[in-house]
Each structure stands twice: as structure tokens, then as C-alpha cells.
Amino acid sequence: MLQNKWYLICPSAELTNKILSQKILGEDIILFRTKSGKAAALEDRCCHRNVKLSLGYLKEETITCGYHGWEYDSDGACIKIPSQLPGTKIPPKALIKKYPVKEFNKWVWVFMGDEENAAKTDPPNIPEMNEWDFTYKTHVFEADLESAAESLIDPYHIKFTHRDSIKQLLGQIEEFPAEFRINILDDGIEGKYYRANTAALTEKAYFGSEPQLEVYYRFYYPNISRLESRFKERTLLILEHFMQVDENRIAMMQITLWKNIFNFFPPFGRWFMARKSNKIVNEDIALLRSQKGILDKTKDNLHEVSVKGDEISLAFRKYWRTKMREGGNES
Ligand code: FES
Ligand SMILES: [Fe+2]
């Protein structure tokens, strides 16, 4: 599991004075915002009798355990034990683990590691996350992390996996030899290619009828894939953030962002995109789940064939595996 990395939680506006529970890399954590505005992430455990703190409640700056009322501040230090007489010292070991939190581009990120390593790295900078209209949803399911990360930027799957949702809107690449222009970067891979514009007439009327559509793809190590379809004046951007929940399950957050689409009525845009994205992501999930079942069974006897059209996936895997070998757990 990829320790010492930043993981995406939710838009900043959604972290409020309410307990949010998450399982990341097998660890149960709680997140909340104090009344004074500080974002906090703590382990979901009270060190008195080891019950879940998420069963307790928040006060302005603290969280109270629901069992005997021990109260912790946003750094995880116990500051009040109701059964102790006033003036009695709180045991110094009454302290739970806290995780570094960062608010970046108006999203909340949590660092699965310690403060010292967190200071050395930043989450990927994707300014569109704070500038464009968007919708997002997190899906938890059994899948192989590497394969999930690969799937969004896999150019040939769109026409087949998403035959009932995206249909022809993003165009086709089967008709001419695609040039993927793969660039290997320090923090991932990127490139662009073109798809023949095969959108339906009504879609062309809105999105434009240029013969070719530009597609930009990017993988931000360690956990975000990006696919951007550039129409003449409108852009559709899909980000997928993925993380290991436990040994078998991953959480995939799909964020769909857009520019100059549905400007006439943004709430309609968000409703429409949320429905569409959900359908699209469920189409991917069905395949990724089935793949995990087969990968688990075949393990080392994997019979897998690749062709030239898999260039992006192969470049991604090479990059990913090199990073893993170099020690994925270093920041
Ligand atoms: S178990 Fe939390 S206060 Fe006792
Ligand atoms: Fe897909």
C-alpha cells in the first residue's frame, strides 16, 4: 500500500463540523472541521478502551468519545477526562494519531504518513479543480489498483466499454493510426492524440464539427488519472483518484469537470453530468471487478497479450512499476 502520499478526500466546502469517516490503506480515520475553521484528521479510535471515535460527537474545537466522554483536540491530544477530579493531570500517553491535512485548490487532502514526510511533498497541482464547475462521486469496489489507474487513459476502451453512455461524443480513433505522443515526466506520464469527430449531429451542433478532436491524457503519480476532451470552445475533463481501501478494495473518486458547457443553467449541468458520470463509472467498475477476479486466480500464470494500440497502457505500467520498484513508499 502506498504510504507517505497525499490522498484526496472531498471539496473543502464539504468538510464541516460533522464527522466524516474514511478507510484508507486499511486505516480508519475521521475528518472534521473545527468551529474555528481548522481541518483535522485523526485515527478513528479512542485510546481509553479502543472504541470508534466516530461514534462520539463534535463540540466546537474538540471531539468527545461516545463511551466515557474523553475529549480530544484537533491534534489528537486528550484534553479532558470526565472521570478525573478537577486539577488531576491527564496521562501524557492519552494521545491518538493525527494525520497531516492540506487544503489545496479548494479540496481537502490527507497525508497517510507523518508530518516530516508530508512537508516534503505536495498533492498534484490541478488548478481546474478549483476553477471549473464539477460533480464527483466515490465508488468502493474490489479491483486491482494498477489496472484501475490505467483504465481512464486507455484510449480504445471508450467506444466499447462506454458504448451506451458516451456513445460517439468523444469520437473514434480506430479509423486512422493514432500517434500518442507519450511524454514521460518525473511525476507521471502525459500526451495527446486525436480522435475523428463522429459525434451525433445534435452533439456537433453544440460541441462543434471540426474533423478531429484533441484528447489530452495525464497520469499524476501516485493516484490521479486525467482525460481531457478538447472541443473547439468547450472542454470536458475527467479525473479519477484512486486509493487502496484495504487489501482487496479500492476507492475510485471520479470528478467530472467542464468548461463552457451548460453555461445557460449550471444546476442542470451538474445534475446531468452526475447522472452521466455515474453510468460511465459503473461501466468501468463492472469490467475492473471481473478483471480482479481473474487476476487473483491466475496470478503468475497470467496470459495477457498486448498490441501497438496499448502503447499508453504499457508506458503507464512501465512508469508505475519502476516507481514501485524504487520503493513506492518513499515520498
Ligand atoms: S472508551 Fe473512549 S472514553 Fe472510554
Ligand atoms: Fe472508462
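Figure 1. The secondary structure of the protein chain amounts to 7 helices and 17 strands. Please keep in mind that this is a predicted model. Of the 331 residues in the protein chain, 31% are buried. Among contacts with a separation of 6 or more, 54% join residues 24 or more positions apart.

**Figure 2. A close look at the hairpin of E2 and E3**. Here strand E2, covering residues 20-24, pairs with strand E3, covering residues 27-33. Their pairing runs in the antiparallel sense and is built from 5 bridges. To find your way along the pair, look for Gln22, which stands opposite Ile29 in E3. Then follow the chain to the turn, where 2 residues lie between the strands.

**Figure 3. The open sheet of 4 strands, E5-E6-E7-E8**. Reading across the sheet in that order, you will find the pairing to be antiparallel. Strands E5 (57-58) and E8 (78-80) each have a single partner strand, so one side of each is left without a neighbour in the sheet.

**Figure 4. Zooming in on the pairing of E5 with E6**. Strand E6 spans residues 62-64 and meets E5 over 2 bridges in the antiparallel sense. A handy landmark is Leu58, whose bridge partner in E6 is Ile63. E5 is also one of the strands that stand at the edges of the sheet.

Terms used. Residues numbered from 1 in each chain as written. Chains lettered and ligands numbered in written order. Predicted model: local features only at pLDDT ≥ 70, side-chain atom pairs only at ≥ 80, totals over all residues. Pairing = 2+ DSSP bridges. Buried ≥ 20, exposed ≤ 12 C-beta atoms within 10 Å, placed from the backbone. Contact = placed C-beta atoms within 7 Å.
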